[in-house]
Amino acid sequence: VGVLKNTARYGRSVTSDLSESFVEFLVHERPTLVESQTMQAFKARVNELRDDVERLEKRIQRLVERAS
């Protein structure tokens, strides 16, 4: 019974280590995945850019209307 418990514990440890290594590889070595913090910062910059573009469109529209 002790051998089975030790084997199960070892299996869980190996699985956990392998999972951590795989995620580390995907995030840092071969950027397939993106860390949550990085994605949130990217989304914030995209939203800011979208808002800037909307303001610029309105400003251009006002200038075109004045010129008409």
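## Burial and overall form

Buried residues (under 20% relative accessible area, 1.4 Å probe, protein chains only) make up 3% of the 68 residues in the protein chain. This is a predicted model: local features need pLDDT of at least 70, side-chain atom pairs count only at pLDDT 80 or more, and totals for chains, interfaces and linings use all residues. Residues are numbered from 1 along each chain as its sequence is written, and side-chain values use heavy atoms, leaving out hydrogens and water.

## Salt bridges

The whole structure holds two salt bridges (a side-chain nitrogen of Lys or Arg within 4 Å of a carboxyl oxygen of Asp or Glu). One joins R55 to D52, with the closest N and O atoms 2.2 Å apart. These two residues lie three apart in helix α2, so about one helical turn separates them. R55 is exposed (over 50%) at 51% relative accessible area.

D51 pairs with R50, with the closest N and O atoms 3.1 Å apart. D51 is partly exposed at 30% relative accessibility. R50 is partly exposed at 42%.

## Positive patch

K58, R59, R62 and R66 form a surface patch of positive charge. Patch members have over 30% relative accessible area and no salt bridge, with like charges joined within 9 Å. R62 sits in helix α2, residues 36–67, and is partly exposed at 45%.

Definitions and conventions:
Patch = residues over 30% accessible without salt bridge, like charges linked within 9 Å, V, L, I, M, F, W, Y side chains within 5 Å. Areas by Shrake-Rupley, 256 points an atom, 1.4 Å probe, with all protein chains shown as cover. Lys, Arg positive; Asp, Glu negative; His and termini not counted. Charge placed at Lys NZ, Arg CZ, Asp CG, Glu CD. Helix = DSSP H or I, 4+ residues; strand = E, 2+ residues; numbered from the N terminus.
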